[in-house]
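Hi,

Here is the structure I promised to pass on. Have a look at it first, and my notes follow below.

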Amino acid sequence: MNKLLFKEIDNTGLVLWRVVFGFLIAVEGFGAIATGWVRRTMVEPQFTFNFIGFEFLQPLPGNGMYYYFALMGCFGVLVMLGYKYRFSMFCYALMWTCVYLMQKTSYNNHYYLMMLLCWLMVLLPAHRWFSLDAKYNDHLKSISVPRWTYLVVILQVGIVYTYASVAKWYPDWVDGTVAALFMAGKADYWLIGDFLQQKWVHFSIAYVGVFFDLLIVPLLLWKRTRFIFFCISIFFHLFNSIVFQIGIFPYMSMAFAFFFFSSEILQKRFLPKKKLYDGEEVKVPAYRNLLIGGFTVFFIIQIALPLRHWTITDDVLWTEEGHRLSWRMMLRSKSGILRMYVVDKATGERNSYNYGELLSKKQKRSVKTKPDIIWQLVQRVKEIEAAKGKDVEIYLTSRVRVNGGEFHPFIDPEVDMAQAEWHIFGHENWILPSPADYHAKPEKE
């Protein structure tokens, strides 16, 4: 175990990863401002749908979030340059975690992965070469790192890709339905719009997605297949970047290759003046047991979280319970209809409530299909009515369809949602059971 984890290896790949990762997270910080993401997600909405239990995390008022993201971008640049590396990486990790937890309307799996990688990077000595820290501190400079610094990143990436593949093993994915629905929204793309509507393209997307995610890490680990599958991964991720426009995630995924290619190849291509480490030292640190214990707990959680939906009643595609933090990427298309009725307990008067006035355009789409966001909206309306001196009951009529199927009732209309509770790891009985045929598609006339 000591030789596996604590043998010193050359750090070229980790150093290059720090440079690229720092650049990408800087782009994420500044780009969120430039593209209007901060404005649409943090500034314009009256409130954000935070992760339940983190209500104390709220966007800064006024232009505060613009300065917040600009500061994150600056920390990203410092990480890239390797200046005050651990402090800069810690600050970015903390700030990004707050952003992630204070809103989930714009939920993306790569936001979660970024959060995990940022905290891992705080622990990794990625600044001991090709950095300003190493330049100004000779005692810090080193051409080697313990092997565990590579293994933890490779294992984390392997978990992500494996679960992303397994989650796709269900009928609407393997028959091309989901790919067809996604591509229908790309029909107006210049040059490739019509091409993306071909049925064979939909099947190719479906099966390449399954097998690429399942095999890419093992095949990058194997020297004989490494280069060819790296080339395939470039095409795969560039396709995703162009078609799905998912920010920095495809480029971050391509940069994972630094952990797989040999230092000789990387040094020849990127750092020709760097001396390669060729020693055989095994340096067991005094904190060995703490390190092994901490990462064991961390990876048990990472393996268990994506499986939790199997312990919750009904289908995760229907209930959404256990969907987040589970690497269920680009899996389904959902739409819904939601109406809210407020009953004044004092008078018995029942009125339709225009909740849309409280929400941004994107929030309106999310709230119709995600039960935790529905519950949070109800609690917000309850607070608004309480501020007016009213004690109210709140009822919903809700219908949802999955992957272009028929609309089906979703929330129990007889339940007073103002009194309903939310259980983070359990099933909510006010979510109606999934119909046996909810995957069925409407018959064409």
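This is a predicted model: local features need pLDDT of at least 70, side-chain atom pairs count only at pLDDT 80 or more; totals for chains, interfaces and linings use all residues.

Residues are numbered from 1 along each chain as its sequence is written, and side-chain values use heavy atoms, with hydrogens and water left out.

Now the answer: Phe270 is partly exposed, with a relative accessible area of 47%. The cut-offs are under 20% for buried and over 50% for exposed, with partly exposed in between (1.4 Å probe, protein chains only).

On to the aromatic rings. Rings of Phe, Tyr and Trp (its six-membered ring) pair if their centres lie within 6.5 Å; planes under 30 degrees apart are stacked, over 60 edge-to-face and the rest tilted. By this rule the count comes to 29 aromatic pairs. One of them is Phe75 with Phe87, an edge-to-face pair with ring centres 6.1 Å apart and planes at 75 degrees. Phe75 sits in helix H4 (residues 64-81) and Phe87 in helix H5 (residues 85-102), so the pair ties together parts twelve residues apart in sequence. Helices here are DSSP runs (H or I, at least four residues) and strands likewise (E, at least two), numbered from the N terminus. Phe75 is buried at 11% relative accessible area, whereas Phe87 is exposed at 54%.

Phe270 has a ring partner too: its centre lies 5.7 Å from that of Phe258, with the planes at 80 degrees, so this pair is edge-to-face. Phe258 is in the loop between helix H13 (249-255) and helix H14 (263-270), and Phe270 is in H14. Phe258 is buried, with a relative accessible area of 12%. Elsewhere, ring pairs join Trp17, Phe21, Tyr150, Phe256 and Phe259 into a cluster.

Leu325 has a positive phi of about 60 degrees although it is not a glycine, and it is found in the loop between helix H16 (316-319) and strand S3 (334-344). Trp327 also has a positive phi of about 60 degrees without being a glycine, and that residue is found in the loop between H16 and S3. Trp327 is buried, with a relative accessible area of 1%.

Cheers
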